Amino acid sequence: MRLTAALCTGLLLAATGAAPAADRLRIGIGPEPETLDPHRGVSIGTARLLLDLCEGLLTRDGAGRTVPGVAVRIDRSADGLTLVFHLRADARWWNGDPVTAADFVRGWRRAVDPATASGIADLLDGVEHAADIRRGRLPPDRLGIQAADARTLVVRLARPVADVDTILAHRITLPVHGPTLDAKGMDFANASNLMCNGPYRLIEHRLQQHYLLERADHWHGRAEVALAQVEMRVAERPELELNLFRSGDLHITSAVPAAMLDWARAERAEALHVHPWTILSALAANPDGPAWRGNAAFLEALDLALDREQLTATSQGRSIPAYGLVPTTLWPAAVNADPGPKGQARRDAAQGALRRAGFGPDRPPPRVEIVFAATDAIRQRVVAIAAQWKQVLGVETDLIGMESRMISTRLAQRDFQGFIYNNWIGYSPSQMLAPFLPPAFTLTATDPAGQQAELRRAERAVLDSRHFIPLAQGSSLHMVAPPVRGWQDNLYDIHPVRLLSLAPATPP
């Protein structure tokens, strides 16, 4: 996101009729989002903001389930390949312009246009011609989407997509306001330019401080939105959020520091929320990293040397070992992840792979690099990884910490020599696997069971390549102040602000 001089000084937009801070719900969103562009943003902070600023054909309820958004009805053809969306007559952009089917056509075409350089456009690969457009083989106007009229949108699929509803509720499918895009181009999603159609509008952004949201005048469900203003607080470290929560200056935290989890359980159990979450922590290897270029056995040795049970043993219930790329709770049928060899057998297998890679007493293995977001919890995890590699393989590791918002950029640009420690979130098996699959991957099965089988095989191929090494599946952790109403713990850790409220203050 391009930063203007006004942004750097703090004030971006003038807040009109701002309510006193005590009357606002104040929510932590973690580190500063890298952008508000729905097609380019990949951080959790971006997703959390856009959920309340924008609305797609479908959206999410308080339990994380997909529910109607701009689309009030979907007609599906018998073969499942044509979807006809009937849009609400009262859907409006923040400025009062009607939201039309053409706005969705514009947004989807932009998402798959190679010029946009979206890192998540492959989520639309089930749409007719989307994959070929992403790869530059066809122009964006060949995408299988068209506006039959202002309130009727037709989408043609290349194949039946079992989890299409989760994609329709994803930010990649959001509409784009034409006049703003025409006037601002790639800057259309800057905080000073953003025009969206959700229950809240952005009225102020102070870099590295907060996003101030105000109930949108023209949103169709405005009467049911309890909170007039919401302040989304930015904090690079969860310790800062917890301090704000303890002082009463924050109602909801985005996380809980690992070192403070015991304190939270003992002192603020009524406010602590721990729930299983579809988040995966993994090491992403640069395939061309000099330490293993042309030597896949070295990557295999590094993977086998990791004791995931030990890595998660001190997590206090925050995470469990991960042996796959998809949390087992997301598969439609129960699956058992294969942990492979354990204990001494695992260490022996790792040392055998190291010997196959050509390293041993007479030829020490090369150093390895891990780039990571410099939070205490992640730092502890990568230090433990480095210790295991040293103990089992004799591998020395360079640990490079940086701001959280730089991690996704480094990963997308392959601007690292070894590994990047990162987290991925998805709402279905195909979404969870999307960041890991090669660009040419396409499902061919037309039935849900066949598609799931193909995805399982694709997951296995990625795991066997060792280009992505899963470490842990996590839980969401939040501190939620007792006055907050409407909060529901759920597997997806989705909590629309439009459904939250604050209990009236108790008179002194």
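Reply: The residue to start from is Gly358, which sits just after helix H11 and takes a positive phi of about 95°. Helices here are DSSP runs of H or I with at least four residues, strands are runs of E with at least two, and both are numbered from the N terminus. The model is predicted, so local features need pLDDT of at least 70 and side-chain atom pairs count only at pLDDT 80 or more, while totals for chains, interfaces and linings use all residues. Residues are numbered from 1 along each chain as its sequence is written, and side-chain values use heavy atoms, with hydrogens and water left out.

H11 itself covers residues 343-356. Its expected span is 1.5 Å times one less than its number of residues. For 14 residues that gives 20 Å, and the end C-alpha atoms are 20 Å apart, which agrees.

On the H9 side, Asn295 lies in the loop between strand S11 and H9. Asn295 counts as buried because its relative accessible area is 17%. Leaving aside neighbours within four places in sequence, Asn295 is in contact with Ala357 and Phe359.

Six strands form an open sheet with mixed pairing, in the order S12-S16-S11-S15-S13-S14; two strands pair if DSSP finds at least two bridges between them. Strand S12 (319-321) and strand S14 (397-402) are the edges, each with a single partner strand, so one side of each has no neighbour in the sheet. From one strand to the next the twist averages 30°. For such angles, axes are lines fitted to C-alpha atoms, for helices over the stretch in contact, and the angles run from 0 to 180 degrees between N-to-C directions. H12 packs on this sheet, where it touches S11 (272-285), S12, S13, S14, strand S15 (419-425) and strand S16 (468-479). The direction of H12 makes about 165° with that of S13. Strand S13 (residues 368-373) and S14 run parallel and are joined by six bridges. Within that pair, Val371 stands opposite Ile400 in S14.

Asn490 is in the loop between strand S17 (484-485) and strand S18 (501-502). Asn490 is buried because its relative accessible area is 4%. Not counting residues up to four places away in sequence, Asn490 touches Gly62, Ala63, Gly64, His275, Pro276 and His495. The side chain of Asn490 also reaches the backbone oxygen of Gln488 at 3.1 Å. That is a polar contact: a pair of N or O atoms within 3.5 Å, where within protein one must be able to donate a hydrogen and the other to accept it, and residues adjacent in sequence count only if both atoms are side-chain atoms.

Elsewhere in the chain there is one disulfide, with a pair of cysteine sulfur atoms within 2.5 Å as the criterion. The bond joins Cys54 and Cys196, with sulfur atoms 1.8 Å apart. Cys54 is in the loop between helix H2 (44-53) and strand S2 (58-60), and Cys196 is in the loop between helix H6 (178-184) and strand S8 (200-206), so the pair links distant parts of the chain, 142 residues apart. The link of Cys54 and Cys196 is right-handed, with 105° about the S-S bond. Cys54 counts as buried because its relative accessibility is 5%, and Cys196 is buried at 4%.

Strand S1 (residues 25-28) runs parallel to S10 and is joined to S10 by four bridges, with Gly28 partnered by Arg233. Strand S9 (residues 210-215) pairs with S10 in the antiparallel sense over five bridges, with Glu214 partnered by Gln229.

Notes
Buried means under 20% relative accessible area, exposed over 50%, partly exposed in between (1.4 Å probe, protein chains only). Contact means heavy atoms within 4.5 Å.
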